[in-house]
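Reader: I would like to learn how to read the aromatic contacts in a protein model. Could you walk me through them?

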Amino acid sequence: MLKKTSELLHPELLANVVQQAEIVSRFQALPNLRLNKKPVKKEASILIPLCLVDDRINLLYTLRSSKLRNHRGQVSFPGGMKDSRDLSYESCAVREFEEETGVSKNFVQVWGRGKPIIPYAGPSITPIVGHIVDFSMDKLRPNSDEVAKVFTVPIETISCNHNRKHTQFRSNYTMPVFQNGDDTVWGITAIITHLFLVALLPGAYNARLPFIKKYEAKLT
(Lines give C-alpha, C1' and ligand atoms only; values in the text may rest on other atoms or scores of the structure.)
Protein backbone atom coordinates (compact mmCIF):
# COMPACT_ATOMS: atom_id res chain seq x y z
CA MET A 1 0.00 0.00 0.00
CA LEU A 2 1.38 3.38 -0.98
CA LYS A 3 2.02 5.77 1.85
CA LYS A 4 1.55 9.50 1.75
CA THR A 5 4.80 11.49 1.70
CA SER A 6 3.46 13.74 4.46
CA GLU A 7 3.13 10.72 6.76
CA LEU A 8 6.87 10.04 6.48
CA LEU A 9 8.03 13.66 6.76
CA HIS A 10 6.73 14.82 10.10
CA PRO A 11 9.08 17.43 11.61
CA GLU A 12 9.68 15.08 14.56
CA LEU A 13 11.79 12.96 12.19
CA LEU A 14 14.65 15.41 12.79
CA ALA A 15 14.68 14.39 16.46
CA ASN A 16 13.96 10.68 16.07
CA VAL A 17 17.30 8.86 15.97
CA VAL A 18 15.61 5.47 15.55
CA GLN A 19 13.88 6.54 12.34
CA GLN A 20 17.05 8.22 11.15
CA ALA A 21 18.99 5.00 11.63
CA GLU A 22 16.34 3.08 9.66
CA ILE A 23 16.60 5.55 6.78
CA VAL A 24 20.40 5.28 6.71
CA SER A 25 20.13 1.48 6.82
CA ARG A 26 17.88 1.52 3.75
CA PHE A 27 20.25 3.97 2.05
CA GLN A 28 23.21 1.66 2.69
CA ALA A 29 21.23 -1.35 1.41
CA LEU A 30 20.76 0.14 -2.06
CA PRO A 31 22.80 -1.45 -4.88
CA ASN A 32 26.33 -0.24 -5.54
CA LEU A 33 26.58 2.44 -8.19
CA ARG A 34 29.80 2.22 -10.17
CA LEU A 35 29.73 3.93 -13.56
CA ASN A 36 33.34 3.19 -14.53
CA LYS A 37 35.81 0.42 -13.80
CA LYS A 38 38.93 2.51 -13.36
CA PRO A 39 40.70 2.42 -9.96
CA VAL A 40 39.59 5.20 -7.61
CA LYS A 41 42.42 7.72 -7.21
CA LYS A 42 40.61 10.58 -5.47
CA GLU A 43 37.80 10.70 -2.95
CA ALA A 44 35.14 13.28 -2.23
CA SER A 45 32.30 13.55 0.23
CA ILE A 46 29.03 15.46 0.09
CA LEU A 47 26.40 16.31 2.68
CA ILE A 48 22.72 15.65 2.01
CA PRO A 49 21.40 18.34 4.38
CA LEU A 50 17.84 18.21 5.64
CA CYS A 51 16.40 21.26 7.36
CA LEU A 52 13.10 22.57 8.66
CA VAL A 53 11.58 25.51 6.79
CA ASP A 54 8.07 26.66 7.74
CA ASP A 55 7.52 23.35 9.56
CA ARG A 56 8.28 21.35 6.40
CA ILE A 57 11.35 19.16 5.93
CA ASN A 58 13.47 20.50 3.06
CA LEU A 59 16.62 19.50 1.21
CA LEU A 60 19.33 22.15 0.96
CA TYR A 61 21.26 22.64 -2.28
CA THR A 62 23.88 25.04 -3.57
CA LEU A 63 24.26 26.60 -7.00
CA ARG A 64 27.91 26.44 -7.96
CA SER A 65 29.63 29.74 -8.71
CA SER A 66 30.48 30.75 -12.27
CA LYS A 67 34.00 31.40 -10.94
CA LEU A 68 34.67 27.69 -10.55
CA ARG A 69 36.57 25.73 -13.19
CA ASN A 70 34.39 22.61 -13.05
CA HIS A 71 30.60 22.20 -13.05
CA ARG A 72 30.01 25.94 -12.82
CA GLY A 73 26.39 27.02 -12.59
CA GLN A 74 25.18 23.54 -11.64
CA VAL A 75 23.07 22.59 -8.65
CA SER A 76 24.90 20.43 -6.13
CA PHE A 77 24.98 19.31 -2.53
CA PRO A 78 27.63 20.92 -0.31
CA GLY A 79 30.82 18.90 -0.47
CA GLY A 80 34.27 18.51 -1.90
CA MET A 81 37.53 16.62 -1.97
CA LYS A 82 38.65 14.66 1.08
CA ASP A 83 42.10 15.81 2.21
CA SER A 84 44.61 15.37 5.03
CA ARG A 85 42.56 17.57 7.38
CA ASP A 86 39.66 15.16 7.31
CA LEU A 87 39.58 12.27 9.73
CA SER A 88 36.53 10.76 8.01
CA TYR A 89 34.09 11.22 5.16
CA GLU A 90 31.72 12.79 7.67
CA SER A 91 34.26 15.39 8.77
CA CYS A 92 34.98 16.21 5.12
CA ALA A 93 31.28 16.73 4.33
CA VAL A 94 30.54 18.99 7.30
CA ARG A 95 33.76 20.98 6.76
CA GLU A 96 32.81 21.65 3.15
CA PHE A 97 29.26 22.49 4.23
CA GLU A 98 30.58 25.15 6.60
CA GLU A 99 33.00 26.55 4.02
CA GLU A 100 30.34 26.82 1.33
CA THR A 101 27.30 28.01 3.30
CA GLY A 102 28.87 29.92 6.19
CA VAL A 103 26.80 27.89 8.68
CA SER A 104 28.89 26.34 11.45
CA LYS A 105 29.44 22.60 11.12
CA ASN A 106 28.47 22.39 14.79
CA PHE A 107 24.86 22.82 13.68
CA VAL A 108 25.00 19.65 11.57
CA GLN A 109 23.66 16.48 13.17
CA VAL A 110 25.03 13.57 11.14
CA TRP A 111 22.80 10.52 10.67
CA GLY A 112 25.21 8.28 8.76
CA ARG A 113 26.63 7.59 5.32
CA GLY A 114 25.60 5.86 2.12
CA LYS A 115 27.73 3.72 -0.16
CA PRO A 116 30.42 5.44 -2.24
CA ILE A 117 29.32 6.33 -5.76
CA ILE A 118 31.79 5.96 -8.62
CA PRO A 119 30.79 8.40 -11.40
CA TYR A 120 31.90 8.27 -15.03
CA ALA A 121 34.70 10.72 -14.29
CA GLY A 122 36.22 12.37 -11.25
CA PRO A 123 36.52 11.20 -7.64
CA SER A 124 34.38 8.71 -5.80
CA ILE A 125 31.59 10.43 -3.86
CA THR A 126 30.50 9.31 -0.40
CA PRO A 127 27.12 10.79 0.57
CA ILE A 128 26.62 11.77 4.20
CA VAL A 129 23.11 12.30 5.55
CA GLY A 130 22.41 14.85 8.26
CA HIS A 131 20.14 17.66 9.32
CA ILE A 132 20.83 21.26 10.25
CA VAL A 133 19.78 22.15 13.78
CA ASP A 134 17.87 25.42 14.25
CA PHE A 135 18.13 26.22 10.57
CA SER A 136 17.39 29.73 9.35
CA MET A 137 18.04 31.31 5.97
CA ASP A 138 19.35 34.32 7.87
CA LYS A 139 22.31 32.24 9.07
CA LEU A 140 23.55 31.57 5.56
CA ARG A 141 26.75 33.34 4.50
CA PRO A 142 27.60 31.70 1.16
CA ASN A 143 31.20 31.74 -0.01
CA SER A 144 30.86 33.68 -3.28
CA ASP A 145 34.02 32.11 -4.70
CA GLU A 146 32.36 28.70 -4.61
CA VAL A 147 28.62 29.26 -4.33
CA ALA A 148 26.30 31.55 -6.30
CA LYS A 149 23.41 30.86 -3.93
CA VAL A 150 22.03 28.44 -1.37
CA PHE A 151 18.41 27.36 -1.55
CA THR A 152 16.03 24.82 -0.03
CA VAL A 153 13.26 22.72 -1.56
CA PRO A 154 10.47 20.94 0.37
CA ILE A 155 10.92 17.20 -0.02
CA GLU A 156 7.20 16.84 -0.75
CA THR A 157 7.73 19.17 -3.72
CA ILE A 158 10.84 17.68 -5.23
CA SER A 159 9.68 14.07 -4.79
CA CYS A 160 6.31 14.42 -6.53
CA ASN A 161 5.92 12.88 -9.99
CA HIS A 162 5.06 16.24 -11.52
CA ASN A 163 8.52 17.63 -10.71
CA ARG A 164 10.58 14.55 -11.45
CA LYS A 165 11.49 14.02 -15.08
CA HIS A 166 14.13 11.87 -16.74
CA THR A 167 16.71 11.78 -19.50
CA GLN A 168 17.29 8.58 -21.44
CA PHE A 169 20.64 8.08 -23.14
CA ARG A 170 21.45 6.00 -26.17
CA SER A 171 23.79 3.84 -24.10
CA ASN A 172 20.66 2.34 -22.53
CA TYR A 173 20.34 4.07 -19.19
CA THR A 174 17.98 6.64 -17.72
CA MET A 175 18.85 9.44 -15.29
CA PRO A 176 16.43 11.39 -13.09
CA VAL A 177 15.99 15.13 -13.42
CA PHE A 178 14.24 17.22 -10.79
CA GLN A 179 12.60 20.47 -11.79
CA ASN A 180 12.64 23.39 -9.37
CA GLY A 181 11.95 26.55 -11.31
CA ASP A 182 15.23 27.85 -12.74
CA ASP A 183 17.26 25.50 -10.51
CA THR A 184 17.08 22.13 -12.23
CA VAL A 185 18.73 19.27 -10.35
CA TRP A 186 20.45 16.88 -12.76
CA GLY A 187 23.59 14.80 -13.17
CA ILE A 188 25.18 13.09 -10.20
CA THR A 189 23.30 15.36 -7.77
CA ALA A 190 19.99 14.15 -9.21
CA ILE A 191 21.15 10.53 -8.91
CA ILE A 192 22.06 11.02 -5.24
CA THR A 193 18.77 12.84 -4.62
CA HIS A 194 16.86 9.97 -6.24
CA LEU A 195 18.67 7.29 -4.23
CA PHE A 196 18.13 9.16 -0.98
CA LEU A 197 14.42 9.65 -1.68
CA VAL A 198 14.09 5.91 -2.27
CA ALA A 199 15.49 5.31 1.22
CA LEU A 200 13.67 8.21 2.87
CA LEU A 201 10.19 7.59 1.46
CA PRO A 202 9.60 3.84 1.12
CA GLY A 203 6.17 3.17 -0.33
CA ALA A 204 5.63 6.85 -1.15
CA TYR A 205 8.32 7.79 -3.67
CA ASN A 206 8.20 6.15 -7.10
CA ALA A 207 11.64 4.57 -7.44
CA ARG A 208 11.08 3.33 -11.01
CA LEU A 209 12.47 5.53 -13.76
CA PRO A 210 10.81 5.35 -17.21
CA PHE A 211 12.74 3.50 -19.87
CA ILE A 212 11.80 2.95 -23.50
CA LYS A 213 13.55 -0.12 -24.89
CA LYS A 214 13.73 1.17 -28.42
CA TYR A 215 13.25 4.63 -29.82
CA GLU A 216 12.09 4.68 -33.41
CA ALA A 217 12.68 7.68 -35.62
CA LYS A 218 9.51 9.00 -37.24
CA LEU A 219 9.60 9.65 -40.96
CA THR A 220 8.40 13.09 -41.99
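Author: Gladly! Rings of Phe, Tyr and Trp (its six-membered ring) pair if their centres lie within 6.5 Å; planes under 30 degrees apart count as stacked, over 60 as edge-to-face and the rest as tilted. By this rule there are three aromatic pairs here. One of them joins Y61 and F77, stacked with 4.7 Å from centre to centre and 25° between the planes. This is a predicted model, where local features need pLDDT of at least 70 and side-chain atom pairs count only at pLDDT 80 or more, while totals for chains, interfaces and linings use all residues. Residues are numbered from 1 along each chain as its sequence is written, and side-chain values use heavy atoms, leaving out hydrogens and water.

Reader: Where do Y61 and F77 lie in the chain?

Author: Strands (E, at least two residues) are DSSP runs, numbered from the N terminus. Y61 is in strand β3 (residues 56-64), and F77 is in the loop between β4 (75-76) and β5 (79-81), 16 residues apart. Both Y61 and F77 are buried (under 20% relative accessible area, 1.4 Å probe, protein chains only).

Reader: Why is the pair of Y61 and F151 stacked?

Author: Their ring centres are 5.8 Å apart and their planes are at 25°, so this pair is stacked. F151 belongs to strand β9 (residues 147-154) and Y61 to strand β3, so the pair ties together parts 90 residues apart in sequence. F151 is buried too, like Y61. Y61, F77 and F151 form one aromatic cluster.

Reader: Which charged ends sit over the rings of F107 and F151?

Author: A charge sits over a ring if NZ of Lys or CZ of Arg is within 6 Å of the ring centre and within 35 degrees of the ring normal. The charged end of K139 sits over the F107 ring, 4.5 Å from its centre. For F151, the charged end over the ring is that of K149, 5.5 Å from the ring centre.

How values were computed:
Helix = DSSP H or I, 4+ residues; strand = E, 2+ residues; numbered from the N terminus. Buried < 20%, exposed > 50% of the residue type's maximum accessible area, 1.4 Å probe, protein only.
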